[in-house]
Amino acid sequence: MPENSDTPDLPKHVAIIMDGNGRWATERGLPRHAGHRQGVSTLRDLLREAVDVGVKCLTVFSFSTENWKRPEAEVSFLMTLLQRFVESDLAELHAQNVRVRVLGRRHNLPRKIVGLIEQAERVTADNTALQLQVAFNYGAREELADAASRLARRAVDGTLDPASITTEVMDAELLTAGLPDPDLVIRTSGEYRISNFLLWQSAYAEFVFTDVFWPDFSIDHLRDALDAYSRRDRRLGGLTNRSEPGSVS
Ligand code: IPE
Ligand code: IPE
Ligand code: MG
């Protein structure tokens with residue numbers, strides 16, 4: 001049974017920085033790509049269970065704009081992995097009623113991959129059980145710069161008054177337009193940084209960091225993170241959100 005009813009403090013949108021594939025593999029004397037492969041398997045398992053714990057919107061960071069700095073062989077393996085993921089998992093995701101979107105720049109991705117991404121988005125567009133965003137070739141600074149560039153062009157064309165650019169106008173210009181902001185951002189592998197992920201959207205997110213490497217991340221780790229989230233007091237700049245005696249809310 002979905003746990004929505006038992007856990008009123010469930011986040012509307014969970015975002016995960018899936019980190020630690022390389023170290024997971026190295027620890028086992030395996031090549032880094034074995035960690036990436038295992039990481040996809042972890043994601044596949046988690047997706048099967050995410051709906052049951054009540055997550056309706058999930059964004060996962062799988063390749064950053066900075067990851068191009070890695071050796072060519074690793075980059076090309078990661079490209080192939082996305083391609084294989086779409087090819088082998090699209091039917092199951094569609095059957096699970098998952099809507100898939102890929103967030104990131106597309107112009108410098110191989111044409112074949114762009115075609116697959118478009119196909120995955122088209123096929124699953126009307127699905128409603130879980131909204132899955134795969135951040136691939138994604139960088140938040142690039143996303144913000146691209147949004148600024150489009151708005152500036154409209155200002156130059158005379159179709160946008162610069163004085164009318166509000167935070168809502170910015171929201172609508174981002175790759176996440178229409179999605180709720182992430183309430184919970186999880187990062188695995190014991191790193192305590194955001195690495196250019198959803199900078200704008202995470203302004204008031206709660207962060208949970210875990211030492212577990214991504215390939216070892218399980219549904220129980222997700223439950224732990226959701227538990228930690230439910231104990232946070234999200235004041236959003238105001239006073240306490242908890243109904244405690246004497247609190248002014
Ligand atoms: C995360 O794992 C996947 C990507 C960034 C593509 P890493 O490949 O960063 O693994 P570590 O951090 O080197 O262990
Ligand atoms: C962040 O991990 C990007 C992804 C998980 C895709 P990185 O491994 O690239 O981040 P840094 O280099 O440790 O900050
Ligand atoms: Mg890493």
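By class, the shell around ligand 1 holds 2 nonpolar, 6 polar and 4 charged residues (Ala, Val, Leu, Ile, Met, Phe, Trp, Tyr, Cys and Pro count as nonpolar, Asp, Glu, Lys and Arg as charged, and the others, Gly among them, as polar). This is a predicted model, in which local features need pLDDT of at least 70, side-chain atom pairs count only at pLDDT 80 or more, and totals for chains, interfaces and linings use all residues. Residues are numbered from 1 along each chain as its sequence is written, chains are lettered from A and ligands numbered from 1 in the order in which they are written, and side-chain values use heavy atoms, with hydrogens and water left out.

The shell of ligand 1 consists of Met 18, Asp 19, Gly 20, Asn 21, Gly 22, Arg 23, Arg 32, His 36, Ser 62, Asn 67, Arg 70 and Leu 78; a residue is near a molecule if one of its heavy atoms lies within 4 Å of it. Polar contacts (pairs of N or O atoms within 3.5 Å; within protein, one must be able to donate a hydrogen and the other to accept it, and residues adjacent in sequence count only if both atoms are side-chain atoms) can be followed one by one. Oxygen atoms of ligand 1 lie 3.3 Å from a polar backbone atom of Gly 20, 3.1 Å from a backbone N or O atom of Asn 21 and 2.9 Å from an N or O atom in the side chain of Arg 32. Taken alone, ligand 1 exposes 370 Å², of which the protein buries 87% (accessible areas come from the Shrake-Rupley method with a 1.4 Å probe; for residues, only the protein chains shown count as cover). Helices (H or I, at least four residues) and strands (E, at least two) are DSSP runs, numbered from the N terminus.

Where do the ligands sit? Ligand 1 sits in the largest pocket, and the space taken by ligand 2 is the largest pocket. A molecule sits in a cavity or pocket if more than half of its atoms lie within 2 Å of its grid points. On a 1 Å grid over the protein atoms alone, a cavity is a set of points where a 1.4 Å probe fits but cannot get out, and a pocket is an open set with protein on both sides within 12 Å along at least five of seven lines; lining residues have an atom within 4 Å of a point. The pocket holds about 680 Å³ of space, and α2 gives the most to its lining, with 5 residues.

Key: Points joined across faces, edges and corners; volume = space filled by probe spheres on them.
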